[in-house]
Amino acid sequence: MSNLKLNDIVKVIINLSPKSAVRKGFNVALIIGDSNVISTEQRVVLFSGLEEMAEAGFTENMPEYQAAQIYFSVEKKPSRLAVGRRYQLKNQPKKTKATGETEEIKESETILQALQACRAKNTDWYAVSYCNATKQEIFDIASYVETAYPSCVQFFTTSDSDTIEGAEGNVFEILKQKSYRRSIGQYSQTAYAVMSIMGYAMGANTATINSAYTLKFKTEVGVIPDDLTSQQVTNLVKNNGNYYVSRGSDDNYNMFENGIMSDGTWFDEILNLDMLANNMQMSIMDLLKSRPKIPQTEAGILSIKLAIKSDLDKAVKIGFIAPGVWNGPDILELSQGDTMPEGYMILSEPISEQSQADRDARIAPPIYTPLKLAGAVHSVVLQIDVNR
């Protein structure tokens with residue numbers, strides 16, 4: 001029997017598309033501590049619960065374990081926690097000038113060095129908190145996270161009384177003055193209190209339908225509400241500090257307030273914009289790698305627009321973007337007062353108006369994606385009209 005190939009008549013060519021890069025999850029936090037458990041080679045270890053931390057050698061009296069206990073106790077339980085190590089770098093003998101005797105000099109790694117080493121070792125984490133951070137260390141971390149890549153945010157707890165007194169130079173006031181957008185702090189007398197709201201922030205970030213959230217009103221499991229006066233709350237709010245209190249005549253409602261960064265931006269906006277920017281960047285990169293080339297034509301630019309449309313649609317699905325009226329400045333054909341029925345638009349300048357220099361450099365025309373955020377309700381005015 002002949003065994004002639006069918007390829008002579010019908011030739012089948014299979015092109016398997018390249019695998020897309022893994023999207024950053026934005027749902028993993030990092031705790032940095034000084035306990036001598038994690039080795040120099042490891043630097044950062046991922047854990048799914050307290051049992052794994054105990055097996056690794058962490059004990060109940062260690063700050064990392066105590067912070068993780070609060071982190072994993074939240075209602076929207078996070079699936080993972082990264083624990084990093086800050087090291088003693090040197091133990092060197094040194095002679096003192098006065099007596100000539102030899103003593104051991106310990107030189108510690110700075111928190112900035114530890115943070116940079118943790119980022120170099122692991123890029124999965126988005127939120128970071130350092131156990132027992134001093135005021136200066138909070139400032140050092142705040143400076144780092146403002147420009148760090150990949151993007152990240154700092155959570156910190158302070159029990160300094162000057163924050164509730166509104167005294168000049170308190171940590172919240174200084175961070176606000178510096179307009180830091182990637183640090184969120186909480187006043188509390190409970191150690192590591194902010195780990196609870198950080199755990200909620202990571203656990204609730206599921207990217208499923210209607211999963212967008214606000215941090216306000218949330219219960220901090222394992223945290224004792226602070227007995228604050230109205231003036232003390234006012235002092236914290238004035239400097240964009242967060243806190244945990246009880247409200248109602250019988251303390252019926254324990255709630256975290258208000259969920260804002262040091263510059264006054266809502267945490268959920270920072271998180272979701274970071275996620276959206278990351279997803280759109282990777283979608284365009286996947287497109288560029290999967291095609292022989294993207295032509296510098298209107299059709300080519302359209303393919304880029306279509307590549308990021310699914311990311312914007314996802315932002316609508318989770319409840320971060322919603323239809324509304326554009327109240328920002330005019331952008332190309334979008335004018336102030338125009339309705340955005342999808343909650344976003346994808347605009348670009350015409351290829352025909354592109355400069356020859358940009359064409360020669362193979363640069364795409366700028367693409368604009370104005371968004372209408374869904375926002376969140378944080379307060380309600382209810383009027384009751386009575387007629388007898």
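Author: Two strands pair if DSSP finds at least two bridges between them. The model discussed here is predicted.

Reader: How many bridges join E2 to strand E3, and how do the two run?

Author: Four bridges join E2 to E3, residues 81–85, and the two run antiparallel. Within this pair, Phe 47 stands opposite Leu 81 in E3.

Reader: In what order do the strands of the open sheet stand?

Author: The order is E2-E3-E1-E6-E7-E8, six strands with mixed pairing. Strand E2 (44–47) and strand E8 (183–187) are the edges, each pairing on one side only. On average, neighbouring strands of this sheet are turned by 25 degrees against each other, direction ignored.

Reader: Which strands does helix H3 touch?

Author: Helix H3, residues 111–121, packs on the sheet and touches strand E1 (29–33), E2, E3 and strand E6 (127–130). The direction of H3 makes about 140 degrees with that of E1.

Reader: Where does a positive phi occur in the hairpin of E9 and E10?

Author: Gly 248 takes a positive phi near 105 degrees, in a hairpin with five residues between the strands. Strand E9 (residues 243–247) and strand E10 (residues 253–257) run antiparallel, joined by five bridges. Arg 247 stands opposite Tyr 253 in E10.

Reader: Is Val 386 buried or exposed?

Author: Exposed means over 50% relative accessible area. Val 386 has a relative accessible area of 71%, so this residue counts as exposed. Val 386 lies in the segment after strand E14 (367–368). Together with Val 377, Val 380, Leu 382 and Ile 384, Val 386 makes a nonpolar surface patch of about 620 Å².

Reader: What are the totals for the protein?

Author: The secondary structure comes to eleven helices and 14 strands. Of the 388 residues, 44% count as buried. The accessible surface is about 21800 Å², with 50% belonging to carbon and sulfur atoms. Among contacts between residues at least 6 apart in sequence, 68% join residues at least 24 apart.

Terms used:
Residues are numbered from 1 along each chain as its sequence is written. This is a predicted model: local features need pLDDT of at least 70, side-chain atom pairs count only at pLDDT 80 or more; totals for chains, interfaces and linings use all residues. Side-chain values use heavy atoms; hydrogens and water are left out. Patches are made of residues with over 30% relative accessible area and no salt bridge: like charges are joined within 9 Å, nonpolar side chains (Val, Leu, Ile, Met, Phe, Trp, Tyr) within 5 Å. Accessible areas come from the Shrake-Rupley method with a 1.4 Å probe; for residues, only the protein chains shown count as cover. A salt bridge is a side-chain nitrogen of Lys or Arg within 4 Å of a carboxyl oxygen of Asp or Glu. Buried means under 20% relative accessible area, exposed over 50%, partly exposed in between (1.4 Å probe, protein chains only). Axes are lines fitted to C-alpha atoms, for helices over the stretch in contact, and angles run from 0 to 180 degrees between N-to-C directions. Contact means heavy atoms within 4.5 Å.
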